[in-house]
Amino acid sequence: MSLLSSVERAPRDPILGLTEAFQADDRQTKVNLGVGVYMDESGKVPLLKCVQQAQQQLAQGRAPYGYLPIDGLKAYDDLVAGLVLDDPVTGAAAAPRDRVAVVQGLGGTGSLKIAGDFLRAVSPNAKLLISTPSWENHNALFSRAGFDVQQYPYYDATGHRVDVDAMVAALGEAEAGTVVVLHACCHNPTGYDLGEQDWARVEQVVRERGLVPLLDMAYQGFATGLAEDGAAVRRFAASGPVFVTTSFSKTFSLYGERIGALAVVCDDADEAARVLSQLKIIVRTTYSNPPTNGASIVATVLADDQLRVLWESELGEMRDRIKQMRTALVDGLKQARPDVDASHITDQNGMFSYSGLSKEQMVRLREDFALYGLDSGRLAIPALNPGNIDRVVDGLAQVW
Ligand code: LMR
């Protein structure tokens with residue numbers, strides 16, 4: 001037996017693997033309701049105008065491609081800390097910048113992995129809790145980082161709501177030092193977020209029990225707006241240490257640039273400097289230092305008042321179009337299947353709808369109608385547009 005002859009074939013990735021299957025399908029009517037990628041009315045990933053203008057500015061500057069610092073482009077790190085931690089209305093910082101260690105990351109996933117590797121190194125016996133359900137890659141990447149990944153209750157499928165009582169009760173029993181992964185907004189996959197009072201309860205139990213909060217914020221601005229969607233992060237940052245990962249894949253439509261960040265709010269500046277030094281070792285030994293282009297684009301937009309206003313309006317357009325498609329889907333289903341109540345779809349936030357359909361129904365949607373949603377029943381709403389909504393309604397009405 002050679003070394004490689006015994007290597008087992010791994011299963012396809014539940015999300016990106018579905019895109020592979022979608023691409024291999026030659027039916028013209030197919031729709032990819034799987035991966036969380038925003039598409040415009042014409043079914044294309046948009047190139048935002050603010051990004052185009054930033055690209056033009058950068059092209060005129062023609063900077064050479066040297067290495068970035070290990071922790072990333074300094075202007076980017078500072079601007080992202082501001083975006084994530086400052087109140088957009090008052091400008092007040094939830095935590096002073098010198099208490100925050102920031103590293104540029106490779107999208108949300110890369111930033112989560114840096115956080116996971118760091119936490120595992122400093123707290124090797126800690127458990128890590130994710131929500132039931134959670135984004136498939138949370139379990140995969142934190143397990144891979146060596147954590148014993150367990151779950152806290154989150155979604156009540158019967159009531160179509162967050163079961164915050166069960167969540168708080170479970171967190172109240174977690175051991176001190178347990179890492180708790182929370183979705184800052186646009187919960188993936190359910191689309192159900194905590195309200196302000198719920199966040200207050202969760203924050204209280206996290207602090208009382210001495211748990212370690214890690215807020216994953218990949219969709220800031222896709223639920224209500226930048227300020228509202230960032231409120232949970234600012235709440236935690238104001239009350240103690242917190243890990244925050246963010247991503248500009250969706251909000252800037254920069255998927256392929258792999259641009260995100262990890263911000264760690266620490267107790268004081270000396271602690272932040274020590275944490276940053278350790279984060280840099282993880283980056284250096286994983287990919288040395290991050291790429292330039294995405295960070296330059298995001299930093300250019302965030303630093304320029306006019307581009308930032310343009311970005312916020314384009315973000316608002318994406319958010320509004322998703323909401324319109326939710327309504328169109330619910331209205332279409334009401335017509336096609338008056339016996340079915342799909343109204344929960346318009347209560348959800350962000351890109352996804354947790355439809356409640358079973359794995360068997362999702363497989364049938366794929367096989368009989370070329371509609372590719374996740375086995376969990378998750379549907380990516382931004383894949384819908386006026387050209388395919390009737391087809392999707394028809395398929396759903398037949399399997400529901
Ligand atoms: C998703 O959940 O579909 C997105 O976050 C894309 C991904 O990397 O899984």
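Where does the ligand sit? The ligand lies in the largest pocket. A pocket here is an open set of points on a 1 Å grid over the protein atoms alone, with protein on both sides within 12 Å along at least five of seven lines, and a molecule sits in one if more than half of its atoms lie within 2 Å of its grid points. Before we go on, please note that this is a predicted model, in which local features need pLDDT of at least 70, side-chain atom pairs count only at pLDDT 80 or more, and totals for chains, interfaces and linings use all residues. Residues are numbered from 1 along each chain as its sequence is written, and side-chain values use heavy atoms, with hydrogens and water left out.

Let us start with the ligand. Around the ligand you will find Ile15, Val35, Gly36, Trp135, Asn188, Tyr219, Lys250, Phe352 and Arg378, each with a heavy atom within 4 Å of it. This shell consists of five nonpolar, two polar and two charged residues; in this scheme Ala, Val, Leu, Ile, Met, Phe, Trp, Tyr, Cys and Pro are nonpolar, Asp, Glu, Lys and Arg are charged, and the others, Gly among them, are polar.

An N or O atom of the arginine 378 side chain is 2.8 Å from a ligand oxygen. For tryptophan 135, the distance from a side-chain N or O atom to a ligand oxygen is 3.0 Å, and a polar side-chain atom of asparagine 188 also lies 3.0 Å from an oxygen of the ligand. Of the 260 Å² of accessible area that the ligand has on its own, the protein covers 83% (Shrake-Rupley method, 1.4 Å probe).

Now move to the loop between strand E13 (378–380) and helix H14 (389–399), where asparagine 388 is found. Helices (at least four residues) and strands (at least two) are DSSP runs, numbered from the N terminus. Asparagine 388 is buried, with a relative accessible area of 6%; buried means under 20%. Its side chain reaches the backbone nitrogen of asparagine 385 at 2.9 Å, and a polar atom of that side chain of asparagine 388 lies 3.0 Å from the backbone oxygen of alanine 383.

Another asparagine, residue 289, lies in the loop between helix H10 (269–286) and helix H11 (293–303). Asparagine 289 is buried at 16% relative accessible area.

Finally, look at helix H9 (residues 231–239), where Ala232, Val233, Arg234, Phe236 and Ala237 are buried. Glycine 240 follows H9, and its phi is positive, near 150°.

Definitions and conventions
A polar contact is a pair of N or O atoms within 3.5 Å; within protein, one must be able to donate a hydrogen and the other to accept it, and residues adjacent in sequence count only if both atoms are side-chain atoms. On a 1 Å grid over the protein atoms alone, a cavity is a set of points where a 1.4 Å probe fits but cannot get out, and a pocket is an open set with protein on both sides within 12 Å along at least five of seven lines; lining residues have an atom within 4 Å of a point. Buried means under 20% relative accessible area, exposed over 50%, partly exposed in between (1.4 Å probe, protein chains only).
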